[in-house]
Amino acid sequence: MKKITMAGTLLFLTVFCYGQANFTRGEELFMLNDPAQALPFLERALGEHPSNVITYIYLGIVYEQLNRPDEAIAVYRRVLPMAGNQSAAVANNLGNVYFSRGNNDLAEQFYTQAISINSVYPNAYLGRANTRIRAGHLLNAVTDYEQYLVLEPRAAQRENIERLIGLIRSDIAAEAMRREIAAEEARRIEEERARLLESVSASLQSLSDASKGLSAGAENIEHYEGEFELE
């Protein structure tokens, strides 16, 4: 068994405490909403302790705040398989980054993944609802907004979301009515077309029958026994 020396122990504690100092300082600056200053401390902390899930999350958010989405995505994707009880948060953050980049398909994919991990994660429902609005999937968006309000009954945006839900439902109802009216008009036009076609066909048949009567006997050649005289 290898003997641990006092010097080795002190070196380990120094490195460990230094790494913790980087994380602690990075976290402090992160909480103070100073991403530019927090960034180098969090990057060093991650290099020193690459299994610290919270460091990844802080670092990903800092990259987002500094408008570095590719690096945020890379960090979140790297930590997602090992995020444990933070998996829903990481998947939700990935959804946010892809949403901000206009990639609706991947945004919805990761919001849905967050919900599959934690079915009562409100932010994922809100994010997915916004994504579905942008994609034009209005009924599904309403379902997600309503679920979000169930999970966050005191949401700051509750009034606006409820108004949005009302507008969407009104638009959907109006569109359904327009379609019903259009379908009814199409049926009326089709019935009128069929009636006119039947009327015209009947008229043509009558004319055909009358023309047959007027031409009766025209096919016979009259017999003439006289002589032609030329003057």
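**Helix packing and aromatic pairs in an all-helix chain**

Of the contacts in the chain with a separation of 6 or more, 43% join residues 24 or more positions apart; a contact means heavy atoms within 4.5 Å. The model is predicted: local features need pLDDT of at least 70, side-chain atom pairs count only at pLDDT 80 or more, and totals for chains, interfaces and linings use all residues. Residues are numbered from 1 along each chain as its sequence is written, and side-chain values use heavy atoms, with hydrogens and water left out.

The chain holds nine helices and zero strands. Its pattern along the sequence is α-α-α-α-α-α-α-α-α. Helices (H or I, at least four residues) and strands (E, at least two) are DSSP runs, numbered from the N terminus. The chain has 231 residues, and 28% of them count as buried. Buried means under 20% relative accessible area, exposed over 50%, and partly exposed in between (1.4 Å probe, protein chains only).

Two packed helices are described by the angle between their axes and the distance between the axes. The axes of α2 (residues 35-48) and α3 (residues 53-65) come within 9 Å. They cross at roughly 145 degrees. Axes are lines fitted to C-alpha atoms, for helices over the stretch in contact, and angles run from 0 to 180 degrees between N-to-C directions. On the α2 side, the contact includes Pro35, Leu39 and Leu42.

Three aromatic pairs are found in the whole structure. Rings of Phe, Tyr and Trp (its six-membered ring) pair if their centres lie within 6.5 Å; planes under 30 degrees apart count as stacked, over 60 as edge-to-face and the rest as tilted. Phe30 and Tyr58 are stacked, because their ring centres are 4.5 Å apart and their planes lie at 25 degrees. Phe30 belongs to α1 (residues 6-31) and Tyr58 to α3, 28 residues apart. Phe30 is buried at 15% relative accessibility. Tyr58 is buried at 11%. Ring pairs join Phe23, Phe30 and Tyr58 into a cluster.

Tyr98 and Phe110 are also stacked, with centres 5.7 Å apart and planes at 10 degrees. Tyr98 lies in α5 (residues 87-100) and Phe110 in α6 (residues 104-117), so the pair ties together parts 12 residues apart in sequence. Both Tyr98 and Phe110 are buried.
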